[in-house]
Amino acid sequence: MEQVNILVIGAGVVGLSIAQKLSENFEDIVVVETEKSFGRHTSSRNSEVIHSGIYYPQNSLKAELCVNGNKLLYEFAKINKIPHQKCGKYVVATAENEEQKLFKLQQNGVQNSVENLTIISNQEILADIPQLNTTKALMVPSTGIIDTHKLMEKLGKIAEKNGAFIIYEMEVIAIKQSGDKYEIKFSNGEIFLANYVINSAGLFSDKIAEMVGINLQKNNLKLHWCKGEYYKTTKLKGIKKLIYPLPSEQFLGIHLTINLNGEVRFGPNAYFVDDLNYKMNENNKDEFLRAINRYLPISVENLQLDDCGIRAKLQTENESFRDFYIAEETAKGYPNFINLIGIESPGLTSCLSIAEKVKKLIEH
Ligand SMILES: Cc1cc2nc3c(=O)[nH]c(=O)nc-3n(C[C@H](O)[C@H](O)[C@H](O)COP(=O)(O)OP(=O)(O)OC[C@H]3O[C@@H](n4cnc5c(N)ncnc54)[C@H](O)[C@@H]3O)c2cc1C
């Protein structure tokens, strides 16, 4: 039986960030991952946006970790030469009766310590993006984009340089408490004994928590998978900022993002699913068209299928907000077992601040 000090489950952007951070101070860290390489799931299937933190309720973990994570991520990207761009974004009101919501969003952002938020007139926006249908916009300069693949690659390399191991094709199938340690069983028959377990298994993090004995129903920790699809276009060129409609209670709305090559895509939409299927549903094209045309004219033939991802949400269809769940589980009878469940957006932005939080939980 292999003995390890810290076992991190999942080599997505969160698990890799945690391994990188912990490897600065701890020895004998192993990251285990079901897939053949890192980031095959949600961490490679998202908008690649470095969020500012304007949306989340004050004093929530999402607000705190996003605002701190935003700064940490820019710093990390700069030092480690990860391609990124602090391009900024507009949240647009498309009619005067939406403007009040824009001011509220600005206020919420200010309360969350997001800097330099300004409301700008439609003349200023139109000088920048003439095709936009808007009356006013909230300009968010700290929003940006990042190459997530390069980010994960670098996080993994630093962790490995500091002595951590990342082992692929290692699927955790059972976990048993064994004295003050944990026995982790893998689908290939191997068994590891670990002092600490960090569950950063993304879409399967609730199942991992259940394996150790945590009752998901009782603790309200069951995940609900929510699919998000993207369409792309080659018709729009020269857009330099991200464009978002006003958010609904449930999600940010189908927005326009650019990648580091300036290519434009729209999405994600949001609907709950039961299976892990990354096939696009072409029937949703009309929904995209309607949503986009509220702020930008584009015709149906200029939208092409792109890709999709699946969010690991704690909130059900009827709930408006659930926070990240990040906890060391002594209170539930599982000391030195750390669960990260419901790490949906802004999980990418928050990855480095989540890692700092996990380090503090280990040092408690
Ligand atoms: C459509 C969409 C758009 C998004 N846009 C943004 C954005 O613009 N900005 C932002 O900040 N956030 C965004 N997010 C959220 C962000 O992508 C996630 O918060 C982040 O990627 C979560 O990373 P993770 O490491 O927790 O999960 P994952 O990347 O899913 O990694 C978990 C890993 O655990 C592995 N695993 C699972 N079970 C086991 C097991 N039993 N044994 C071993 N390994 C296992 C999986 O194979 C996987 O590789 C978006 C998410 C979606 C779906």
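Okay, let's start with the ligand: by class, the shell around it has 17 nonpolar, 15 polar and seven charged residues. For that count, Ala, Val, Leu, Ile, Met, Phe, Trp, Tyr, Cys and Pro are nonpolar, Asp, Glu, Lys and Arg are charged, and the others, Gly among them, are polar.

Before going on, a word on the source. This is a predicted model, where local features need pLDDT of at least 70 and side-chain atom pairs count only at pLDDT 80 or more, while totals for chains, interfaces and linings use all residues. Residues are numbered from 1 along each chain as its sequence is written, and side-chain values use heavy atoms, with hydrogens and water left out.

Back to the ligand. There are 39 residues around it, and E33, S43, V49, I343 and T349 come nearest; being near takes a heavy atom within 4 Å. Then there are polar contacts, meaning pairs of N or O atoms within 3.5 Å. A backbone N or O atom of I343 sits 2.7 Å from a ligand oxygen. On the nitrogen side, a polar side-chain atom of S345 is 3.4 Å from a nitrogen atom of the ligand, and an N or O atom in the H51 side chain is 3.5 Å from a ligand nitrogen. How much of the ligand does the protein bury? Taken alone the ligand exposes 1,000 Å², and 97% of that is buried by the protein, with areas from the Shrake-Rupley method and a 1.4 Å probe.

S345 has something else going on: its peptide bond to P346 is cis, with omega near 15°. P346 is in the loop between β20 (334–341) and α9; helices (H or I, at least four residues) and strands (E, at least two) are DSSP runs, numbered from the N terminus. Another cis bond runs from G267 to P268, with omega near -15°, and P268 lies in the loop between β16 and β17 (271–273). And N116, in the loop between α3 (99–111) and β6 (118–121), has a positive phi, near 60°. Why point these out? Most residues other than glycine have a negative phi, and most peptide bonds are trans.

Last stop, the second largest pocket. Its lining has 32 residues, with E48, N259, E263, R265 and D306 nearest the centre. Which element gives the largest share of that lining? That's β18, with five residues. By class, the lining divides into nine nonpolar, 15 polar and eight charged residues.

Notes. Polar contact = N/O pair within 3.5 Å; in protein donor to acceptor, adjacent residues only side chain to side chain. 1 Å grid on protein atoms, 1.4 Å probe; cavity = no way out; pocket = protein on both sides within 12 Å on 5 of 7 lines; lining within 4 Å.
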